[in-house]
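Please read it alongside the sequence and the coordinates.

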Amino acid sequence: MPTTRDYYEVLGVEKTADADELKRAYRRLAMKYHPDRNPGDAEAEASFKEAAEAYEVLSDGDKRARYDQYGHDGLRGAGAAGHDFSRMDPNDIFSMFEEIFGGRGGGGGMGGGRGRRGVARGYDLETQVSIELKDVLQGCEREVEFTRLDVCDTCTGSGAKPGTEPITCTTCGGQGKVQQQGLGGMFRMVTACPHCQGRGTVVKERCDSCRGKGRVPKKRNITVKIPPGIRDGQAVRIPGEGEPPPPEMSPAGEGMRGDLHVAVRVEEHTLFVREDDHLVLEMPVSFTQATLGAEVEVPTLDEPETLTLPKGTPHGKLFRLQGKGLPNLRSGRRGDLAVIAKIEIPTKLSAKQEELLRAYADTEDHRVLPESHGFVKKIKDFLGG
């Protein structure tokens with residue numbers, strides 16, 4: 001049966017997620033729960049199908065709009081869910097979504113395929129790292145650990161027990177493909193052989209290390225260079241750090257490895273808010289500093305800067321420190337730091353401070369203060385006075 005869980009919850013995204021966020025979330029879950037990485041794990045396979053179902057709906061504009069308005073009932077009532085993934089073979093699910101992984105016939109990607117000049121290409125992988133905002137300024141390096149399926153060292157990818165050899169598949173005659181007759185006999189479809197899964201051979205005595213799959217999960221650690229100016233959600237591509245071609249295309253793994261895509265998450269800063277290549281800082285200043293003028297020390301991602309507040313600085317006044325923002329990923333040119341003056345009103349006063357303020361208040365003429373004068377005029381105009 002289709003899942004009853006919230007699709008956004010399944011993919012781990014917000015309801016405002018765009019197409020790229022949905023794609024990244026689905027890729028991450030597909031790689032995590034793929035049956036090849038979780039052999040015999042029924043829960044992982046169920047999660048894999050659940051993620052496929054959620055992505056199939058949310059990546060379709062019409063279905064997503066109907067789901068957002070009516071939930072699961074709206075989809076089922078209109079026949080919009082399209083597929084019951086719980087009954088589908090995982091490989092069939094991948095064939096439905098090849099385009100988001102690069103395709104099996106075009107450049108590789110999640111599903112593997114053929115690269116340039118027909119060279120077999122392996123799977124792309126994706127992982128994630130977190131960095132701080134200050135790391136965006138100069139760039140940084142991070143150690144990344146990930147798991148990928150690699151050629152089994154025991155059987156060198158054949159899946160057969162050492163000392164034995166795979167035999168030709170009798171279903172497809174060693175072709176790895178079979179023809180199936182379509183509806184009413186009007187057309188024929190060529191699909192991967194269900195008996196040998198497209199290899200053209202079958203294993204009689206399985207390798208103990210890989211259980212006949214020819215691939216085993218292996219952990220790998222590499223150092224990734226993250227360039228200055230990178231933004232939250234962007235990815236660094238590491239060529240050749242993905243998986244080798246699948247066994248049905250190259251048992252020994254010859255050909256092009258896929259790539260590793262490292263998605264970068266930039267953590268929120270306690271002081272600065274990022275706006276493209278610029279930074280925004282709300283700077284608290286006292287009533288007296290804003291009124292009398294002052295020099296204040298402003299924090300930056302470099303060294304602190306001195307900012308001169310003119311007399312009568314109003315609340316919300318913006319000051320721009322040029323070149324104190326973040327570098328552009330392409331040009332390297334730095335943005336600016338926008339400093340917004342936030343005037344703080346004291347809530348606790350000493351007796352002496354209150355006495356001085358009351359003395360000052362006695363000297364005020366609200367009629368000549370620009371803001372007050374304008375406000376009073378608006379009231380009179382409103383009342384027709």
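In this predicted model, I345 is located in the loop that runs between β17 (337–344) and α9. I345 counts as exposed because its relative accessible area, 62%, is over the 50% cut-off. The points below begin with the surroundings of this residue and then turn to charged pairs and to individual loop positions.

- Two helices, α8 (287–292) and α9 (351–363), each contribute at least two residues to the lining of the second largest pocket.
- By residue class, the lining of the second largest pocket consists of eight nonpolar residues, four polar residues and one charged residue.

**Salt bridges**

- Side chains of opposite charge can pair when their charged atoms come close.
- With a limit of 4 Å between a side-chain nitrogen of Lys or Arg and a carboxyl oxygen of Asp or Glu, the model has 24 salt bridges.
- One of them pairs R27 with E126, where the closest N and O atoms are 3.7 Å apart. This pair links distant parts of the chain, with R27 in helix α2 (residues 19–33) and E126 in strand β3 (residues 125–131), 99 residues apart.
- Both R27 and E126 are buried.
- Another salt bridge joins D124 to R121, with 2.9 Å between the closest N and O atoms, and both D124 and R121 are likewise buried.
- R142 and D135 form a further salt bridge, in which the closest N and O atoms lie 2.8 Å apart.
- Through salt bridges that share partners, R148, D150, R220, E241 and R257 are joined into one network.

**An exposed loop position, T170**

- T170 sits in the loop between β5 (167–168) and β6 (177–181), and T170 is classed as exposed because its relative accessibility of 74% is over 50%.
- The C-alpha atoms of T170 and G200 are 8.7 Å apart in space, while the two residues are 30 residues apart in sequence.

**Positive phi values in loops**

- Most residues other than glycine have a negative phi.
- Where does R211 lie? R211 is placed in the loop between β8 (201–202) and β9 (215–226), and its phi is near 60 degrees, a positive value in a residue other than glycine.
- R211 counts as exposed because its relative accessibility, 59%, is over the 50% limit.
- D276, although not a glycine, has a positive phi of about 60 degrees, and D276 is found in the loop between β12 (272–275) and β13 (278–286).

Definitions and conventions:
Residues are numbered from 1 along each chain as its sequence is written. This is a predicted model: local features need pLDDT of at least 70, side-chain atom pairs count only at pLDDT 80 or more; totals for chains, interfaces and linings use all residues. Side-chain values use heavy atoms; hydrogens and water are left out. Helices (H or I, at least four residues) and strands (E, at least two) are DSSP runs, numbered from the N terminus. Ala, Val, Leu, Ile, Met, Phe, Trp, Tyr, Cys and Pro count as nonpolar, Asp, Glu, Lys and Arg as charged, and the others, Gly among them, as polar. Buried means under 20% relative accessible area, exposed over 50%, partly exposed in between (1.4 Å probe, protein chains only).
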